[in-house]
Amino acid sequence: MRGLGCSQQDRAHGQGFATEAVRAALAWGFAEGRRLEDARAAVTVLSNYWMVRRTVAEGRRWAQAGIDSAVGTPGEGGPRMAMALMAFADDDVETCAEELDRSVKWARLGGDDTLLADVLGFRSLFAMLAGDFQKCVEIARDQARDGSHLLDLCVDYVGRDGADDMREL
């Protein structure tokens, strides 16, 4: 909107409108099981939206709605990954790890290779950030056992000494 003659107030109103539209769309999707698959997919991709806007508590509530709507099915995988990312943003490392592990389970059961790759990548990243290189090795071994054709052993991350991390790994 910048450069289009919109005032600060107009931009702020637009952001508020967008947030209300997201809430309305999710509420509609979850209501009476109308569009559960679409609503769960939206929750999964909106985790960054809530983190950027610093409304992680709201995002976690929507992710829980996604999980609750799919209990016992592979549809749990995406919302669980969203919950894990927002838990990490909240410094809730224990919940993050639990939800990532659950998401891996559902991604495998549902045959969702894209979700599985994303979740395993986040598990590796969070293990490396915690300095748990044994967990990184476990994840790599699991991937090799599951038939992975390529393992990425890069541990270079902004703010860390990549050379030291690689030697440790």
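Biologist: Before we start, what are the ground rules?

Modeller: Residues are numbered from 1 along each chain as its sequence is written. In this predicted model, local features need pLDDT of at least 70, side-chain atom pairs count only at pLDDT 80 or more, totals for chains, interfaces and linings use all residues, and side-chain values use heavy atoms, with hydrogens and water left out.

Biologist: How do α4 and α5 run relative to each other, roughly parallel or roughly antiparallel?

Modeller: Helices are DSSP runs (H or I, at least four residues), numbered from the N terminus. The axes of α4 (residues 56–68) and α5 (residues 77–89) come within 8 Å and cross at roughly 155 degrees; axes are lines fitted to C-alpha atoms over the stretch in contact, with angles from 0 to 180 degrees between N-to-C directions. Angles over 145 degrees count as roughly antiparallel, under 35 as roughly parallel. So α4 is roughly antiparallel to α5.

Biologist: Which residues of α5 make that contact with α4?

Modeller: Contact means heavy atoms within 4.5 Å. From α4 come V56, G59, R60, A63, Q64, G66 and I67. Their partners in α5 are P79, R80, A82, M83, M86, A87 and A89.

Biologist: Which residues of α5 does α2 meet?

Modeller: On the α2 side, the residues are R40, V43 and T44. In α5, they meet G78, P79, M81 and A82.

Technical notes:
Helices (H or I, at least four residues) and strands (E, at least two) are DSSP runs, numbered from the N terminus. Angles under 35 degrees count as roughly parallel, over 145 as roughly antiparallel, 65 to 115 as roughly perpendicular and the rest as oblique.
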